[in-house]
Amino acid sequence: MNDLVSLLALPAIWSGGNPSQVLHTLLDAMVRMLRLELASVRLIDPVSEAPVELVRTAEWRESMPSAHEIFEALSLSLEGDGHKWPQALRKILGDREVSIVPVPLGLNAELGMIVVAAERADFPRQTEALLLNIAANQAVIGLQEARLRSRQKRVADELDRKVRQRTAELVAANAELQLQVAQLQQIPVAAWTILPDGTPDFVNQNWLEYTGQSLDYVQSGPETWMSVVHPEDRERASRSYWEGIGSGRGFTAEVRFRRARDGAYRWHLNRAVALCDADGKLLKFVGTSTDIEDLKQSQEELRITQANLAHVNRVTTMGELTASIAHEVNQPLSGIITNAGTCLRMLASDPPNVEGARETARRTIRDGNRASEVITRLRALFSKKSAATQPIDLNEAAREVIALSFSEFQSGRVVVRQELGDDLPLVNGDRVQLQQVILNLLRNGSDAMSTVDDRARELLIRTELDGDDRVRLSVTDVGVGFESQAAGRLFEPFYTTKNEGMGVGLSVSRSIIERHRGRLWAMPNQGPGVTFSFSIPCKPGDLTGDHNGIGRTPSMTDAG
Amino acid sequence: MEPHQERRVSERPLVSVVDDDESVRESLPDLLGEFGFAARTFSSAEEFLASSCVDQTRCLILDVTMPGMSGPELQQELKLRRQEIPIVFITGHREDAVRPVLERGAIACLFKPFNDASLLEAINLALHPK
């Protein structure tokens, strides 16, 4: 009866132990209670499937066979179904004969098997068999509990491991996030996020420093940022902001923000994009504000420079033209004054030289008409009416240019020879612009000969038919020429081989000719110098689109 | 008229005009005639040098800028030929360099259009150096 109580108390002893502890105490208890030679257990581990084998022998036994030996010895007799095993069998084990009793663990020995051996031939008696069965049942309960605990422990360990791993990952991710946040704080643009309702929920340090706002203030409402927007930009900024927030598409807007450091308003490019989750649900907007003030200013400076350059070109042309015009008007004026002076002297003489006075008066009138013609030509050259497309006699246009710039060539000691073709068809175009081109080409040729002293500085202007439907005008000089590889670059803006001058003339000339659906090109001569030619169609047609105002007709007011 | 003028040419000092501007060549001789001078006109420096008037010319009214040989170049050429005729330059270009021609001995440089009194004063200065 004490034995039974001891056995029933075993699970309490086992609680918290592992399977091998359970088996050790069980085997010890059995050996002691039943005065066994030995007790052995083979346990089938459901996880590893490797059998655990233990053996306990009576204290008085000198040699102890290993559990493996025992099971090996029994293996032949104990094959197969646990139910068919014999209740007991006598067998020589080691140096003596023993009664061996197998006790299955679990209904079909699925947990393993206990084998006990005693020397007594009547082993097991009925109570002993009962105790063996109770012990086996207790073992099963204990094992199952132990296994459950073990499994729970494994799960707990696994959970613990996973928690540790996840924690480590989170720590690493947090460090990375910290780094990213630090980067976000320090990137050289203002960065921010906006909630779907339009309230800013994050702005980086850059924004705070730039605007002097606090994070709390920024987060306090949807349009807190508005206080740093230039008053003139506020309405526009607000509109594009709410359109972008409302549509969920984000926005791009250029507005001026006030810099806290010096109170200066500087242009910013603001861009926000929508940040959505995997299902496409809008989480927030992320965006940046980039200071583009310097960029804007350099763009503006570039624009002003280009405008200035175009103006300088026009003014230069006008200035040079004005000098020519002054000279052209001066010549007849000089004659008028001389003639008028002579006339007065003739009338004042005694007797008055009436016939001579009449002649000088006639010359005075003629010179007056000559001056008037110059003015008429100028009017034609600069009248607003002539800016429109009209049929033009290229020869007449060329003659006018030559007449107006005659003195200029004269002072450069350049002789202009004309070979103007007969019966040329009229061309359709802007008279003043084409005359500007002719003037440019003549002036270019003249300039190219300014250092020529070993030959006559002759400029040949020629007009001729080019095919059936085009007219070509060429200007040939005997100047220094250009290296043939530079021919392609002559028409680039700012390209110049001259020390003075802006070099804009040729590129402007080319754009004018191209607007007339024609082309302008340069060829080196066989001898010294270069021939510049343009060829334009005679058929009526509109001018092609204006190229950014290049080639715009200058008016007299442009010069002032 | 012609014989009358011819006769007076020999008596009056000869003033030659070299200018490529036709209106000057047309208008100046009558004025010079009114001043009491004989006048001859030439359209280029080369034409003047080739003429027989170089020796007889007492005063040369000379344009500065001309195609071919310029006024100052003619001034230089005459100096080389040791025919130092007093020269009154005339020019329509305000920007023409006046100082060099004056430094080389020209009497005056008049800008066109000039009045008759200035011209007379310059010619008188040429004919009667102080």
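**Two chains, questioned term by term**

Biologist: Where is Pro351(A) placed?

Modeller: Pro351(A) sits in the loop between helix 8 (293-348) and helix 9 of chain A. Helices (H or I, at least four residues) and strands (E, at least two) are DSSP runs, numbered from the N terminus. The peptide bond from Asp350(A) to Pro351(A) is cis, with omega near -5 degrees.

Biologist: What is this model, and how are its parts labelled?

Modeller: This is a predicted model: local features need pLDDT of at least 70, side-chain atom pairs count only at pLDDT 80 or more, and totals for chains, interfaces and linings use all residues. Residues are numbered from 1 along each chain as its sequence is written, chains are lettered from A and ligands numbered from 1 in the order written, and side-chain values use heavy atoms, without hydrogens and water.

Biologist: Which residues does the cis peptide bond in chain B join?

Modeller: That bond joins Lys112(B) and Pro113(B), with omega about -5 degrees. Pro113(B) lies in the loop between strand 5 (108-111) and helix 6 of chain B.

Biologist: Why is the pair Arg366(A) and Glu26(B) called a salt bridge?

Modeller: The rule asks for a side-chain nitrogen of Lys or Arg within 4 Å of a carboxyl oxygen of Asp or Glu. The closest N and O atoms here are 2.1 Å apart, so Arg366(A) and Glu26(B) qualify. The rule finds 4 salt bridges across the interface of chain B and chain A. Over all chains, the search finds 36.

Biologist: What makes Glu359(A) and Arg363(A) a pair?

Modeller: They form a salt bridge, with closest N and O atoms 3.7 Å apart. Why can they pair up along the chain? They are 4 residues apart in helix 9 (residues 354-382) of chain A, which means a separation of about one helical turn.

Biologist: How do you know how far the two chains touch?

Modeller: By contact (heavy atoms within 4.5 Å), 24 residues of chain B meet 24 residues of chain A. The chains bury about 2,100 Å² between them, 50% of it on carbon and sulfur atoms. That is accessible area (1.4 Å probe) lost on being put together, summed over both.

Biologist: Which element gives the most to chain B's side?

Modeller: Helix 2 of chain B, with 9 residues. The elements giving two or more are helix 2 (22-35) and helix 6 (116-127) of chain B. By class, that side has 9 nonpolar, 7 polar and 8 charged residues.

Biologist: What makes a void a cavity here?

Modeller: On a 1 Å grid over the protein atoms alone, it is a set of points where a 1.4 Å probe fits but cannot get out; lining residues have an atom within 4 Å of a point. The whole structure has 2 cavities of 30 Å³ or more.

Biologist: Which residues lie nearest the centre of the largest cavity?

Modeller: Of its 18 lining residues, Trp192(A), Trp207(A), Trp225(A), Tyr241(A) and Phe251(A) lie nearest the centre. Strand 8 of chain A gives the largest share of the lining, 4 residues. The lining has 14 nonpolar, 4 polar and no charged residues.

Conventions:
Buried area = accessible area lost by both parts, 1.4 Å probe. Nonpolar A, V, L, I, M, F, W, Y, C, P; charged D, E, K, R; others polar. 1 Å grid on protein atoms, 1.4 Å probe; cavity = no way out; pocket = protein on both sides within 12 Å on 5 of 7 lines; lining within 4 Å. Points joined across faces, edges and corners; volume = space filled by probe spheres on them.
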